[in-house]
Amino acid sequence: MSGTVLLTGAAGRIGAVLRGGLPERGWALRSLDVVPIVDPRPGEEHVVADTTDLAAMTGAVSGAAAVVHLAGVSGESTWAAVSHANIDGTHCVLEAARRAGVPRVVLASSNHATGFTPRPASGPLREDDGLPRPDTFYGVSKVAVEALGSLYADRYGLDVVCLRIGTAAPEPTTTRHLSTWLSPTDQVSLVDAALRAPSPGFAVVWGVSANTRGWWDLTAARALGYEPADDAEVFAEALVEVHGEPDLADPVHARVGGEFTTAEFDAEQVEERP
Ligand SMILES: NC(=O)c1ccc[n+]([C@@H]2O[C@H](COP(=O)([O-])OP(=O)(O)OC[C@H]3O[C@@H](n4cnc5c(N)ncnc54)[C@H](O)[C@@H]3O)[C@@H](O)[C@H]2O)c1
C-alpha cells in the first residue's frame, strides 16, 4: 500500500522527521499546519489550515489514502487551549476523514494519557493494563483523542491507530529518556507500520525505541509490523555520569508520565506561566 498521506502538524518536531522519512518509504505527503511550512521539499503538497476548521479539513483530506494527525498543543497548557486544539481538532480530523471516505487515521497520543500509572512490580506495562490515568489537562486530551478514535473505528469502520508516544527527540537528554526515547528513525518506522498494517481496526500502541531500560510493552506495536532499530542505552554511560543512576522509586522514574506527575504540573502553576 502507498498513496498520499495528509500529515497534520507537519511544521512541528515530529512532522519534520516524518517529512524527511515517509517519502523514502513510498508515501506522497500533503503537509498541513496552521503555520506555513518554511522548508518545502520536492513533491510535497502544502496546506495552511487549522485542524479545528471542519470545512477546511474535509477539503484537505480529499483523495488521501490516510491521515497522520500530529497537530495540536504538544505539552501542558490551559484547559481552553488544550481542549480546543487537541480534542476539537481530533474530532474534526476524524469527521473529515469519515466524510471524505479516507479509510485510515493514525493519531498522536501520548504516554501522558496514562501518566499516573505506576511501573509494574515485574514485567512490562501493556497499553490496556488498567484505566487511563492522565497526568495533566494535556494527558486528558490524549485520553479523549484515543476515545474519539475508538468511536470512529467502532461506529464508522475507520482503521484508527493511536501511538502513545514516549519522548520523540534526536537523542535522550535525561535518564528518564533512557526508558522513553523514540528515535527519529523509529518515529518513521512506527508511523509507516501504522499506515501499512493490514486491517488494524482500532489499536493503541506504545511509541518507543527498543530501549534496554524500557518498561512499556512493545508487543502490540511489533504486531503492527514495527521493528525498532534504536536503543537509548548507547547514551546511558554519558547521561549516568552527569545525572547519576536513576532512583526507580522517584516518581520521575516510577510513573509513566515522569515529571508531568509532579506538583510543577499542577494546573495553577501552569496557568501562571507566561
Ligand atoms: N515530541 C514528543 O516527544 C511527543 C510525545 C508524545 C506525544 N507527542 C504528540 O505528537 C504530536 C507532535 O508532537 P511534536 O513534538 O511534533 O509537537 P510540536 O509542538 O513540535 O508540533 C505541533 C504542530 O502542530 C501545529 N498545530 C497546533 N495546533 C494546530 C491546529 N489547530 N491546526 C493545525 N496545526 C496546528 C503547530 O503549529 C506545530 O507545528 C503532538 O500531538 C504531541 O502531543 C509528542
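1. Helices H3 and H4 are roughly parallel to each other, because their axes cross at roughly 15° and angles under 35 degrees count as roughly parallel. This is a predicted model. H3 covers residues 79-100 and H4 covers residues 137-156. Their axes come within 9 Å. The crossing is right-handed.

2. Which residues of H3 and H4 make the contact? On the H3 side they are Trp79, Val82, Asn86, Ile87, Thr90, His91, Leu94, Glu95 and Arg98. H4 brings Phe137, Tyr138, Val140, Ser141, Lys142, Ala144, Val145, Leu148, Gly149, Tyr152 and Tyr156. By class, this contact of H3 with H4 holds 12 nonpolar, five polar and three charged residues. An α-helix has 3.6 residues a turn, so residues three or four places apart point the same way.

3. H3 also meets helix H2, residues 54-61. Here the axes come within 8 Å and cross at roughly 50°. That angle makes H2 oblique to H3. This crossing, too, is right-handed.

4. The H2 side of that contact consists of Leu54, Met57, Thr58 and Val61. The H3 side consists of Cys92, Val93, Glu95, Ala96, Ala97, Arg99 and Ala100. Eight of the residues in the contact of H2 with H3 are nonpolar, one is polar and two are charged. Glu95 of H3 deserves a look: it is listed in the contact with H4 and in the contact with H2.

5. Next, helix H1, residues 13-21. Which of its residues are buried? They are Gly15, Leu18, Arg19 and Gly21. Note that a charged residue, Arg19, is in this buried set. What do the buried residues of H1 pack against? Their partners are strand S1 (3-8), strand S2 (27-33), strand S3 (45-48), strand S4 (66-69) and helix H6.

6. Helix H6 spans 184-196, and a loop joins it to strand S9 (202-207). Ser199 is found in that loop. Ser199 has a positive phi of about 40°, although it is not a glycine. Is Ser199 buried or exposed? Ser199 counts as exposed, because its relative accessibility is 64% and the cut-off for exposed is over 50%.

7. Last, the record. An unreviewed UniProt entry carries the annotation "domain: NAD-dependent epimerase/dehydratase" for residues 5-168. In the model, the end C-alpha atoms of residues 5-168 lie 20 Å apart. The span is 36% helix and 21% strand.

How values were computed
Residues numbered from 1 in each chain as written. Predicted model: local features only at pLDDT ≥ 70, side-chain atom pairs only at ≥ 80, totals over all residues. Heavy atoms only, no water. Helix = DSSP H or I, 4+ residues; strand = E, 2+ residues; numbered from the N terminus. Buried < 20%, exposed > 50% of the residue type's maximum accessible area, 1.4 Å probe, protein only. Axes fitted to C-alpha atoms, helices over the stretch in contact; angles between N-to-C directions. Parallel < 35°, antiparallel > 145°, perpendicular 65-115°, else oblique. Left-handed = near helix turned anticlockwise from the far one by under 90°. Contact = heavy atoms within 4.5 Å. UniProt positions renumbered as here; feature names shortened; annotations may be inferred.
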